[in-house]
Amino acid sequence: MAEITLKDVVKRYGKVEVVHGINLDIAHNEFVVLVGPSGCGKSTTLRMIAGLEDISDGTISIGPEVVNDLPPRKRNISMVFQNYALYPHMSVRENLGFGLKIAKQDAATIKRRVDEAADILGLDALMDRTPAELSGGQRQRVAMGRAIVRHPEAFLFDEPLSNLDAKLRVQMRTEIKKLHQKVKTTVVYVTHDQVEAMTLADRIVVMKDGHIEQVGTPMDVFNHPVNTFVASFIGSPPMNLLPATVQNGTVVFSDGKSVPVPARLKDRVREGQEVIFGLRPDDLTPVGHGIAEAGDSARVALDIILSEPLGTETILYTTIAGQEAQGKMFGPRNVLPGETLEFDLAMDKAHIFDAESGKTVRLD
Amino acid sequence: MMNGALKKRLGAIGLWVLTFILMVVMCVPGLWVVLTAFRPNGEVLAKPPVWIPENPSLLNFAKIFGVGVDQVAIPVPAYFMNSLIIALTSTAVALLIGMSGGYAFARYRFKFKNGMFLGLMLSRTVPGIALSLPVFMIWSRIGLIDAKLGLIIVYVALNVPFTIWLIDGFFRQIPKEMSEAAQVDGCTRWQAFWKIEFPLAKSGIASAGIFAFLTSWNEYALASNLTRSTDSKTLPVGLMDFTAQFTIDWAGMSAMAVIIIIPALILTFLVQKHLIAGLTFGGVKG
């Protein structure tokens, strides 16, 4: 039904440009997550799709139609807001049916569709309450129900989970994913939480300062970040990024220690190039405590500063070339600060970025 | 040594005594007016004062309406209609402007917004009576002296800054996402206002209305300058009909005051539940 296309979309407030000509194709029924730190323009982009902000330049189409000049009500989208924005003077039933009532649907249709949405979201017992009498999670569910009753072309979610406590957030995250599987529709979802982005998205759009940094599947963005920003933003704990220089086929850190340039990247670096060596904590593991036996690995002895046991794994804080780095210990044992452990660096998982541009040296 | 509980108790009693004294100060003059309305004139100035009327009667009211006495009736019905028309019309207009203005200040960004808002507030610092001479001169040129319209315009001007300020505050409390959600749900901006934002701000608009009405209903100084005859004289101005060259009919004046108070009381009671109806904003996480 509806793919969404953004073409050279620009947003200016007066003279300040906050979104700099972004291009994005969202396929029909795709779940796309816009993620980035606050102020990156993700919410503004979503609001432009919704029609709540003017588009300064470029075009946005929903389906075949350019919607730049259409008011929100003519775009056939629905939106879930961060603060839910339920109508406080209406019952849950009235909240759900409001859009249909405005569209002048007959009472029987309204009842059927409202009941159907209530059924999907398990709201049947709450229909006569007002929003004030609901818990946070229930309000969230009503907000989603209000979005689905209208059978829109697309759902827009603006940080819908950030007002919930941690446990409820995980639960509602799952519900949103289930909902998308049940109600197949295009979804554009905005969040600053990379875990939400990873778990929900078919495709992630990483944004920063009004630019799109990378678009890809969660695994793609995780495994092949195009630059240091994406590398550090996606994944938790973040990727270790260590400045180094390429010399004689090795990556030399500022303290003189070195590891060989990963085999697959050998012909992509030049002698003397200033680089940033990136390695996820998952790929920096004490010998015998890795996820799998590393194929192409380097070994370094590192001093432990701090350890954070999480149960199935322990996060180890250490320093490499004077810079703090984090590793993981799978199948952990007790580790004391000051201990020195032999670490495997999984070189086949390592990343190398050009220090000047911050871009990955790998092109594919 | 006093223990804590006793101290607390004494403090509470002290507060009640203070409250009682304040209430006496506020209520006794009103009560006195009501009592005086039911006494013969002779009792009003009696020394020592007669607290409770000894021969309560409706004579003062009868005199005002010219029922069964030889005194010329005071044109209360005409004054009453004037007051009602002027107060209701000016309130309605002030509310309409207040709603538009309040909404604009709460929702839109525009040039000189703060300056304009400050200007509105500053206009409240000028006592209305200070403007009576210029208003009188202009009104006499354009023929608005002794006309209801003249007073209506003055009262609208008097009330608009306040209604804008009050209603702005209420619209500000309603998250703009409410109206956005309604627009995404299929409303025009206009529908979103009437179906979502207006019902939520209703109590604020009602309070603004009450204040505007009471201001217009009770205003005396400007009205006494700008009105001449039963064409436009309002009830408070009508009170002066009880002063003659050498005497003041205090009892009659009090009876008239009671007549003025009653509609205002009734209206306040009617709207009261809107004033109190604190809408809980459950639609948004606090």
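Which residues does Ile129(B) touch, not counting residues up to four places away in sequence? Hold that thought for a moment, everyone, and hello. One thing to keep in mind as we look: this is a predicted model.

Back to the question. Ile129(B) touches Ala221(B) and Leu222(B), once we leave out residues up to four places away in sequence. To find Ile129(B), look in the loop between helix 5 and helix 6 (132–142) of chain B.

Now let's turn to helix 5 itself. Helix 5 (residues 113–123) of chain B packs with helix 7 (residues 148–173) of chain B at an angle of about 130°, and their axes are 8 Å apart. The two helices are therefore oblique to each other, and helix 5 of chain B passes helix 7 of chain B in a left-handed crossing. Helix 5 brings Leu120(B), Met121(B) and Ser123(B) to this contact, while helix 7 brings Pro161(B), Ile164(B) and Trp165(B). By type, that makes 5 nonpolar, 1 polar and no charged.

Last stop, the two chains together. Here 26 residues of chain A are in contact with 22 residues of chain B. On the chain A side, strand 6 (77–80) and helix 2 (92–102) each supply at least two residues. That side of chain A divides into 17 nonpolar, 7 polar and 2 charged residues.

Key
Residues numbered from 1 in each chain as written. Chains lettered and ligands numbered in written order. Predicted model: local features only at pLDDT ≥ 70, side-chain atom pairs only at ≥ 80, totals over all residues. Axes fitted to C-alpha atoms, helices over the stretch in contact; angles between N-to-C directions. Helix = DSSP H or I, 4+ residues; strand = E, 2+ residues; numbered from the N terminus. Parallel < 35°, antiparallel > 145°, perpendicular 65-115°, else oblique. Left-handed = near helix turned anticlockwise from the far one by under 90°. Contact = placed C-beta atoms within 7 Å. Nonpolar A, V, L, I, M, F, W, Y, C, P; charged D, E, K, R; others polar.
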